[in-house]
Amino acid sequence: MKRLFVQLFKFGLAGGITTVIDFAVFALLNIFGMKYIISNICSYLCAIFANYWMSMNFVFVRKEDWTRKKEFLIFVVLSIIGLFFNVFFLWLFYDVLYKNAVVEVQYANDNGKMVCKIGATVLLQIFNFCSRKIVLEKRKDV
């Protein structure tokens, strides 16, 4: 159980760093007028590479019988699946809930997109940890 908590801490740290990358690119692209769904996809893809390196070097124990190419491709596939979840939840939170709720307080520079991205990211992290632990990590011999 202690190992799991340490692993969750490391995952959180790696995820925090890549989330900063993700959010910084997202904010920058939004400043330049890119549509928020497109900027979300671009920022997410930028974060995948940093997250792969940190996850497979500091968080999860590699499967010895997998090549790095196979490992990376599966990591990317899981990340792309996660991207679909992320885009869906961002759309749901922003277009369906936020815009339709017509929040009384007006956010400067439409910070509602960023708030909704935070919610989508929290849900994404749960998927990311579980999918990577199940698929990518070497199983302990029973």
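The structure holds 13 aromatic pairs, where rings of Phe, Tyr and Trp (its six-membered ring) pair if their centres lie within 6.5 Å; planes under 30 degrees apart count as stacked, over 60 as edge-to-face and the rest as tilted. This is a predicted model: local features need pLDDT of at least 70, side-chain atom pairs count only at pLDDT 80 or more, and totals for chains, interfaces and linings use all residues. Residues are numbered from 1 along each chain as its sequence is written, and side-chain values use heavy atoms, with hydrogens and water left out.

**Y52 and F75**
- Y52 and F75 pair edge-to-face, at 5.2 Å centre to centre and 75 degrees between the planes.
- This pair links distant parts of the chain, 23 residues apart: Y52 lies in helix α2 (residues 36-59) and F75 in helix α3 (residues 68-101). Helices (H or I, at least four residues) are DSSP runs, numbered from the N terminus.
- Y52 is buried at 13% relative accessible area, and F75 is buried at 0%. Buried means under 20%, exposed over 50%, partly exposed in between (1.4 Å probe, protein chains only).
- Ring pairs join F49, Y52, F72 and F75 into a cluster.

**F88 and F89**
- The ring centres of F88 and F89 are 5.2 Å apart and the planes are at 65 degrees, so this pair is edge-to-face.
- F88 is partly exposed at 40%; F89 is partly exposed at 22%.

**K117 over rings**
- The charged end of K117 sits over the ring of F23, 5.3 Å from its centre.
- The charged end of K117 also sits over the ring of F26, 5.0 Å from its centre.
- The criterion is NZ of Lys or CZ of Arg within 6 Å of the ring centre and within 35 degrees of the ring normal.

Note on methods:
Helices (H or I, at least four residues) and strands (E, at least two) are DSSP runs, numbered from the N terminus.
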